[in-house]
Amino acid sequence: QLQASGGGLVQAGGSLRLSCASSGRTFATYTMGWFRQAPGKEREFVTGINWSGRTTSYADSVKGRFTISRDNAKNTVYLQMNSLKPEDTAVYYCAANYGAVSSRSSDYIYWGQGTLVTVSS
């Protein structure tokens with residue numbers, strides 16, 4: 001139901017934009033989140049956005065560099081990543097829930113398959 005795309009290889013300092021498209025008819029009611037999982041590490045919260053786009057939340061590690069947005073007409077949420085660092089290397093997952101923006105992965109009920117972002121130094 002959720003399809004993430006846009007990952008790839010980029011040099012440190014570069015940018016990427018991830019997209020997550022939903023095939024569901026109720027996308028506009030979802031809170032959406034992005035999580036990431038680096039090799040050997042636990043999955044961590046990156047950012048989230050509520051159904052209207054008026055409420056967002058960011059992990060401290062990405063504040064000022066990443067921006068989440070959504071287009072409910074296109075059933076898509078985006079993650080603009082600027083000033084990328086090697087430590088941003090991870091598989092990025094989009095997820096959806098019906099509640100408030102949350103940093104807890106257990107609050108999200110739908111998950112995309114993940115897209116790999118590799119940042120070279």
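**Core and salt bridges**

Let's start at valine 77. Setting aside neighbours within four places in sequence, valine 77 is in contact with Leu18, Ser19, Cys20, Phe27, Met32, Trp34, Ile49, Ile68, Ser69 and Arg70. Keep in mind that this is a predicted model.

Now the core. Val77 belongs to the largest nonpolar core, which has 27 residues. Which of these residues touch the most other members? They are Met32, Trp34, Phe66, Val77, Leu79, Met81 and Tyr92. At least two residues each come from strand 1 (2–5), strand 3 (16–22), strand 4, strand 5 (44–49), strand 7 (66–71), strand 8, strand 9 and strand 11 (115–120). Strand 9 gives the largest share, four residues. As background, nonpolar side chains in soluble globular proteins tend to be buried together.

On to charge. How many salt bridges does the structure hold? Five.

Arginine 36 meets glutamate 44, side chain to side chain, in a salt bridge at 2.6 Å, N to O. Are these two partners buried or exposed? Glutamate 44 has 36% relative accessibility, so the residue counts as partly exposed. Arginine 36 has 6%, so this one counts as buried.

Arginine 36 also forms a salt bridge with aspartate 88, at 2.9 Å, N to O. Where do the two residues sit? Aspartate 88 is in the loop between strand 8 (76–81) and strand 9 (90–97), while arginine 36 is in strand 4 (residues 31–37). The pair therefore ties together parts that are 52 residues apart in sequence. Aspartate 88 has a relative accessible area of 1%, so this residue is buried. That puts a buried aspartate 88 against a buried arginine 36.

Next, arginine 104. Its salt-bridge partner is aspartate 107, with the closest N and O atoms 3.0 Å apart. Arginine 104 is exposed, with a relative accessible area of 53%. Aspartate 107 counts as partly exposed, at 27% relative accessibility.

One is the 27-residue core, with Val77 among its members that touch the most others.

Terms used:
Residues are numbered from 1 along each chain as its sequence is written. This is a predicted model: local features need pLDDT of at least 70, side-chain atom pairs count only at pLDDT 80 or more; totals for chains, interfaces and linings use all residues. Side-chain values use heavy atoms; hydrogens and water are left out. A salt bridge is a side-chain nitrogen of Lys or Arg within 4 Å of a carboxyl oxygen of Asp or Glu. Buried means under 20% relative accessible area, exposed over 50%, partly exposed in between (1.4 Å probe, protein chains only). A nonpolar core is a set of buried Ala, Val, Leu, Ile, Met, Phe, Trp, Tyr and Cys residues joined through side-chain atoms within 4.5 Å. Contact means heavy atoms within 4.5 Å.
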